[in-house]
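Welcome! Take a moment to turn the model around on your screen before reading on, and then let us walk through it together.

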Amino acid sequence: MHVAADEYDVVVVGGGSTGENLADRTAAAGLRTIVVEGGLVGGECSYYACMPSKALLRPGAAAAHARAVAGVSVGDGLDAAAVLARRDRFADYWTDDDQVAWLDRVGIELVRGHGRLVGDRAVQVDGGRVLTARHAVALCTGSSPALPELPGLAEARPWTSREATSAQRVPARLAVVGGGVVAVEMAAAWRSLGSEVVLLARGPLLGRMEPFAGELVADGLRAAGVEVRQARVAGVHREGDGEVRIDLAEGSAVTADEVLFATGRRANTADLGLETVGLEPGSWPAVDDSCAVTGVAGGWLYAAGDLNHRALLTHQGKYQARIAGSAIAARARGERVDGGRWGAHSASADTAGAPQVVFTEPEAASVGLTLAAAEAAGLNVRVVDYDLGSVAGARLYADGYTGRARMVVDLDREVLVGATFVGPGVAELLHAATVAVVGEVPIARLWHAVPAYPTVSEIWLRLLEAWRDGA
């Protein structure tokens, strides 16, 4: 059969980590796939989020962990220039040659430019070339920092997550506005590099996690020298000498050399042509569990990653991409789509088992539901808390180790529906909890998963003992 030059089986709009993974699945299934990307292939995670931010955070954490063990001698400060140079390497110096070469190796075509829908199964690139899809168009354009409406903010040239992860010099004074993951991580990172940092949050930190997570992270930031204040910003002004004044609603002001606003995200859909298929520009498209957009006839349009607002996490975007890519391939072959809970074509983990790590010092790691979320969902639950610092492995890990662990148990089924760990190095505890939540492993079976002694993972035994004893 003759195939027109601009006709493909699948057109993927957005070449970030989600788009790459979705295209990989459809191409591996034998579907002719093209990716449309106007920026760097690899997206936010590779260049302005996950990789550069963790490269900034890791040296400070490594130094803190070393200082916490008696007998280890560590200098007072980090080599900021070396840290920034290492960060640059992890961001591939903001070039995407390697990512583009990978697309070529796996047989995925790339067209550079801004893609937008222009009707049923059609995507136009930069107002010219039109790509049509035989089976599916997948929107994977992600999200961007959302700035609030504040007097003087635009003129003040604030940092967003992009500037905070790519800046080439250490500001003497940095004000951070926000209380979420980006805010606390960047406050920790730049403080470790020598900035005087003030964190201005309207409420408790890390409000989507268990309350104790934000409290312990706030304690850790303060111990590192970050000033943590509960405050509401009323306006921002950049002075003639470059200094930034942040006016607070209470009447006082904070001055800094740079100000970072980490106050939320917006969907990258304002100029995506959603109106041509009956959707609202700028909205977060609603999807089913296979990531097919609801309300669009024919089931040909998909939205995966941040764009659908199910779980704004890179690893969940990749997970959705694998699910959506497999669903597109199954539908193209005329096969049954397994869309049931935990089915092969259902992104069930978005709402039941999405893990997240906050790479501050201490780290905060969680999966599944918090106590509040479980109760709001109508589940009959019980929480079990334990002092993580009392576990032998934690005491060996660091002198004066401080941390806390919680598991949320569905009493009707006696399975975990959520877990949270806060403490130095707890990120590596999280996958075991994720397996327990997603696998719906009965509490009775978890007793047979014996943690090695003496490791921090012995916290699992302590939690189970507390469960047994009714603590």
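How many positive and how many negative side chains does the protein chain have, and how far apart do the centres of the two sets lie? There are 43 positive side chains and 57 negative ones, and the centres of these two sets are 2 Å apart. Please keep in mind as you look that this is a predicted model.

Let us start with the overall picture. The protein chain is built with 15 helices and 21 strands. Its radius of gyration is 24 Å, close to the 23 Å that the globule rule gives for 471 residues, so the chain is as compact as a globular protein of that length. If you follow the C-alpha trace along its principal axes, it spans about 70 × 65 × 40 Å.

Of the 471 residues, 50% count as buried. The accessible surface of the protein chain comes to about 20200 Å², and carbon and sulfur atoms hold 51% of that surface. Contacts tell us about the fold as well: among those with a separation of 6 or more, 63% are between residues 24 or more positions apart.

Now go to the nonpolar cores. Which residues touch the most other members of the largest one? They are Trp 190, Leu 199, Leu 205 and Leu 221, in a core of 36 residues. Several elements each supply at least two residues of this core: helix H3 (50–67), H4, strand S8 (173–177), helix H7 (181–192), strand S9 (196–201) and helix H8 (211–224). The element that gives the most is H7, with 7 residues.

With the cores in mind, we can turn to the backbone. Most residues other than glycine have a negative phi, and most peptide bonds are trans. Here are some places that depart from this pattern. A cis peptide bond, with omega about 10°, joins Glu 361 and Pro 362. You will find Pro 362 in the loop between strand S17 (355–358) and strand S18 (363–368). Another cis peptide bond joins Tyr 453 and Pro 454, with omega about -5°. Pro 454 sits in the loop between helix H14 (443–446) and helix H15 (459–468).

As for phi, Trp 94 has a positive value of about 60° although it is not a glycine. Trp 94 belongs to the loop between helix H4 (80–90) and helix H5 (97–105). Cys 291 is not a glycine either, and it has a positive phi of about 75°. Its place is the loop between strand S15 (265–267) and strand S16 (301–303). Is Cys 291 buried or exposed? It is buried, because its relative accessible area is 0%, and buried means under 20%.

The loop between S15 and S16 also holds Asp 288. Asp 288 is partly exposed, with a relative accessible area of 30%. Beyond its neighbours within four places in sequence, Asp 288 is in contact with Thr 294 and Arg 310.

Arg 157 lies in the loop between strand S7 (143–145) and helix H6 (161–166), and with a relative accessible area of 54% Arg 157 is exposed. Its contacts, not counting residues up to four places away in sequence, are Arg 238 and Glu 258. Arg 157 and His 237 are 80 residues apart along the chain, and 9.3 Å separates their C-alpha atoms.

Finally, look for Ser 346 in the loop between helix H9 (314–332) and helix H10 (349–352). Ser 346 is buried, with a relative accessible area of 1%. What does Ser 346 touch, not counting residues up to four places away in sequence? The residues are Asp 289, Tyr 319, Ile 323, Asp 338, Gly 339 and Gly 340.

Definitions and conventions. Residues are numbered from 1 along each chain as its sequence is written. Side-chain values use heavy atoms; hydrogens and water are left out. Helices (H or I, at least four residues) and strands (E, at least two) are DSSP runs, numbered from the N terminus. The radius of gyration is taken over C-alpha atoms; the globule rule is 2.2 Å times the number of residues to the power 0.38. Buried means under 20% relative accessible area, exposed over 50%, partly exposed in between (1.4 Å probe, protein chains only). Contact means heavy atoms within 4.5 Å. Accessible areas come from the Shrake-Rupley method with a 1.4 Å probe; for residues, only the protein chains shown count as cover. Lys and Arg count as positive and Asp and Glu as negative; His and the chain ends are not counted. The place of a charge is taken as NZ of Lys, CZ of Arg, CG of Asp or CD of Glu. A nonpolar core is a set of buried Ala, Val, Leu, Ile, Met, Phe, Trp, Tyr and Cys residues joined through side-chain atoms within 4.5 Å.
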